[in-house]
Amino acid sequence: MLRTLRLFCVILLTSAAGGVLAQTEEPMTDAFDGETLILATTTSTYDSGLLDYILPDFEEMTGATVDVIAVGTGAALELGANGDADVILVHARSREEAFIEAGSGTARFDVMYNDFMIIGSADDPAGIAGMGNAAEAFVTIAAAEAPFISRGDDSGTHSKELSIWAAADLEPDGDWYQEAGQGMGAVITIANEQQAYTLADRATYLAREAEGLDLTVLVEGDETLFNPYGVILVNPDEHPNVNAELAQAFVGWLISDDTQELIETFVVNDTQLFYANADAGEEATEDEMLATEEAGS
Amino acid sequence: MQAKKPQKTKCWQPKKPEANLLGTFLEAAQEAIRLLLAMDPVLVEVLVRSLQVSASALLISSLVGIPLGTWLALAGFPGKRIATAIIYTGMGLPPVVVGLVVYLFLSRSGAFGSLGWLFTVRAMVVAQVIIATPLITGITMSSILAVDPDLRPQLRALGATELQTTRAVLLEARAGVLVGLVAGFGRVIAEVGAVILVGGNIDGKTRVLTTAIVLETRRGNFDVALALGIILLAVAFSINFLLVALQGKTTI
């Protein structure tokens, strides 16, 4: 049974890598019937509706159920480190790499990206509208001591914000700088009420904008605002309970051409939220997978 | 940094005029009624799960809390004051701390990780039992202490056994014990900090009314969140009303 599962898993991964998923779809149906995959992810992928949009395809194909735990990036990585999740989908590159270096994860794959924006009231008291450099905009906000709401929750977005302050060579401090310690949606709400600036990911901003907001996008398009999402396999050697085969199948599916196309078609208010950028051939070439199979059997 | 005058923050001024705020509540109430009338399958599932989890927790908490509270009230032993103070402190346990501790125990890296209870309704019941038990114990204890202190010696003089005496005292205090049950149920059904941590708010598996409200709020669906809140209140009201009606029948 274990071998059969492994075989299916390998077929899935190799076909994903080779982009021939459509041809081999039939035999792997229900290969993981009744099994459960625990996916720890950030609130942005779940709250935006992306996972509800793409996951049914995986569940239908494998017969497995995906339990989504939507928390901050810090919490998601901690769940993985404790062996409470099988696979992790987050956005904080440096911390993802540290996670793998610590032995908590076995491999990381690019999945997609969206971007961050600096949003604030249309009045723009600090005058940052249209700036092409995020760090410069932060310097201007700090100089004006204009209210700024920070996530302050150790999330991927918070990490990004801190890296921009570091790039601006500033340590934000004072009444104007407020740490909310809450999720993106809540922080946008606070910024809206206080007409303050904040750093927001596009997906959550657009979802919230649909509900009515008095905030506008002031700075966007800077490369440092690039927000890449990575998927990480939790190390089964550390935690034997981790469903490594199903997790691998999930990653293979997530970076397959079909799923990547599916991600691109996810639209909220006529706007595409996530841009697929997996390089399926990068780490899981057909030869490598066959070699793995031989070694494993 | 040369400081200009700090920008005045418009702190928590409602963005919308009050008439619109009222409108929001009316819309939410309408949405709540619509969801209930339509017997929205997702809502029904979440509602039933909320009731199952909290009712299970209440049952276990009563089985522990009522005997424990009775014993604490009637028995004399050294350290009783400390035990009482601990129970009263437990009545105010912050749910999120309970959730964190339960998470750490049930985590795969924790002492009871092999049970595989994390992110299941069992973990949620465990957390709610820890939250409700001190409440039921404490209220049972104080309502028994409020029973006429002469009752026990009188019954003993009439030849009642210890068990019969305790039973009579407990019967006399039943209104107070019922208040404990109502308070315990109200606390756990409305609780969110612990269950979202140990349950994970998984769709179709561990999502309950309160965690659904958190999710919808995070998503900015304030009307749905508020509608769910109204439904939660309505459920709590119905159950309390039922219990109070029951109490009215038995006490006077």
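## Ground rules

This is a predicted model, in which local features need pLDDT of at least 70, side-chain atom pairs count only at pLDDT 80 or more, and totals for chains, interfaces and linings use all residues. Residues are numbered from 1 along each chain as its sequence is written, while chains are lettered from A and ligands numbered from 1 in the order in which they are written.

## Chain A and its strand β3

Chain A has 14 helices and 12 strands (DSSP runs numbered from the N terminus: H or I of at least four residues for helices, E of at least two for strands). Of its 297 residues, 53% count as buried, that is, with 20 or more other C-beta atoms within 10 Å of their own, the C-beta atoms being placed from the backbone.

Strand β3(A), residues 87–90, is covered on both faces: A:V87 and A:L89 are buried on one side, A:I88 and A:V90 on the other. β3(A) pairs with β1(A) (residues 36–42) in the parallel sense over three bridges, with A:L39 opposite A:V87. β3(A) also pairs with β9(A) (residues 226–234), antiparallel over four bridges, and there A:G230 is the bridge partner of A:V90. Pairing here takes at least two DSSP bridges between the strands.

## Where the chains touch

On chain B, 24 residues are in contact with 32 residues of chain A, contact meaning backbone-placed C-beta atoms within 7 Å.

## Helix α10 of chain B

Eight of the 10 residues of α10(B) (residues 209–218) are buried, so the rest of the structure largely encloses this helix. Among them are B:L209, B:I213 and B:L215. After α10(B) comes B:G220, with a positive phi near 85°.

Terms used. Buried ≥ 20, exposed ≤ 12 C-beta atoms within 10 Å, placed from the backbone. Contact = placed C-beta atoms within 7 Å.
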